[in-house]
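I opened the notebook for a slow walk through this fold, strand by strand. Here is what I looked up, in the order I looked.

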Amino acid sequence: MNRSITMRTALAALACTACISASAQKQYPEQEQMKPGMSEYWTPQPKVVTPGDIKTNSAPSDAIVLFDGKDLSAWQSANGGPAEWIVKDGVFTVHKKKGDILTKQKFENFQLHIEWCVPKNITGKSQGRGNSGIFLQDMYEIQVLDCYNNETYVNGQTGSIYKQTPPLANAMRKPGEWNVYDIIYSAPIFKEDGTYRVPPRVTVIQNGIVLQNNTTILGTTEYIGFPKVIKHGAGPIRLQSHGDPSEPISFRNVWIREM
């Protein structure tokens with residue numbers, strides 16, 4: 001072997017060993033010890049909202065009251081005239097011959113609270129028993145139906161996204177007792193071509209039980225056919241006057257919080 005090559009190799013090895021030794025001896029600062037305040041921030045503070053009084057069924061302080069037990073001044077008929085459902089004793093009842101009613105105001109993202117009651121003398125079965133619906137932005141229906149000891153197709157059951165997603169549970173109270181819906185809705189965002197960039201999503205809680213958990217809405221809730229994606233902006237809340245022959249249901253304590 002060439003003696004000069006061997007010598008160069010040995011010198012290179014010695015230089016590398018010296019480099020490693022020098023690096024090992026160099027002292028670097030230790031990582032600074034974390035303190036609780038380093039991961040805390042204080043602004044902006046969330047706004048203060050006074051909850052409603054459960055004894056009087058009052059709405060939160062920042063809510064828009066859609067029915068206060070007195071009149072339907074926040075609503076209109078489907079043709080734009082006055083809402084002509086029946087108001088009596090702090091509740092309003094579907095007038096099946098007068099058609100649907102809609103809020104005068106339009107909404108995007110919101111929390112909706114609405115209470116509804118199937119009459120004690122209800123008759124009929126399946127979809128023909130206490131049928132109504134709550135349409136979010138006048139596009140997407142959350143089913144209202146008497147499913148207490150009344151079976152129907154599951155994607156048309158109480159709390160379903162109609163003809164799309166069945167509820168996670170049947171939380172119905174028996175006829176004559178009040179049911180409570182709390183609905184949290186995120187409006188869709190559209191691309192320029194009219195398809196969803198972000199689809200609508202909804203959480204539905206009935207009587208304290210989750211029926212829909214941040215569920216994606218696939219499109220319009222069609223009675224016949226499959227969902228359609230239709231570009232839209234803010235829209236009203238629609239309450240359905242269904243054509244089934246059963247006795248009409250009633251509503252009370254309706255309020256909404258824009259988010």
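**Entry 1: the two faces of β7.** I checked both sides of β7 and found each one covered: Ser-132, Ile-134 and Leu-136 are buried on one side, Gly-133 and Phe-135 on the other. I keep in mind that this is a predicted model. Side chains in a regular strand alternate between the two faces of the sheet. With 5 of its 5 residues buried, β7 is largely enclosed by the rest of the structure.

**Entry 2: neighbours of β7.** Next I followed the pairing. β7 runs antiparallel to β8, and 5 bridges join them. Phe-135 has Glu-141 as its bridge partner in β8. The hairpin of these two strands has 3 residues between them, and there I noted Gln-137 with a positive phi near 55°. Towards β14, I counted 2 bridges, again antiparallel. Here Phe-135 stands opposite Arg-238.

**Entry 3: the whole sheet.** Which order do the strands take? I read β2-β5-β14-β7-β8, an open sheet of 5 strands with antiparallel pairing. β2 (75-77) and β8 are the edge strands, each pairing on one side only. I also looked at β5 (residues 101-103), which pairs with β14 over 2 bridges in the antiparallel sense. In that pair, Leu-102 has Arg-238 as its bridge partner.

**Entry 4: the core.** I then turned to the largest nonpolar core, which has 43 residues; Ile-134 and Tyr-181 have the most contacts inside it. Strands that each supply at least two of its residues include β1 (64-67), β7 (132-136), β9 (178-186) and β15 (250-258). The largest share, 4 residues, comes from β6.

**Entry 5: cysteines.** How many disulfides does a search of the whole structure find? I got 0. Cys-117 is in no disulfide, and the nearest cysteine sulfur, that of Cys-147, is 15 Å away. A disulfide would need the two sulfur atoms within 2.5 Å. Cys-117 is buried, with a relative accessible area of 10%. Cys-147 counts as buried too, at 2% relative accessibility.

**Entry 6: out on the surface.** Last, I went looking for nonpolar side chains on the outside. Tyr-153, Tyr-223 and Ile-224 form a nonpolar surface patch, together with about 370 Å² of accessible area. Ile-224 lies in the loop between β13 (209-216) and β14 (238-239). Is Ile-224 buried or exposed? I noted a relative accessible area of 67%, so Ile-224 is exposed.

How values were computed: Residues are numbered from 1 along each chain as its sequence is written. This is a predicted model: local features need pLDDT of at least 70, side-chain atom pairs count only at pLDDT 80 or more; totals for chains, interfaces and linings use all residues. Side-chain values use heavy atoms; hydrogens and water are left out. Patches are made of residues with over 30% relative accessible area and no salt bridge: like charges are joined within 9 Å, nonpolar side chains (Val, Leu, Ile, Met, Phe, Trp, Tyr) within 5 Å. Accessible areas come from the Shrake-Rupley method with a 1.4 Å probe; for residues, only the protein chains shown count as cover. A salt bridge is a side-chain nitrogen of Lys or Arg within 4 Å of a carboxyl oxygen of Asp or Glu. Buried means under 20% relative accessible area, exposed over 50%, partly exposed in between (1.4 Å probe, protein chains only). A nonpolar core is a set of buried Ala, Val, Leu, Ile, Met, Phe, Trp, Tyr and Cys residues joined through side-chain atoms within 4.5 Å. Two strands pair if DSSP finds at least two bridges between them.
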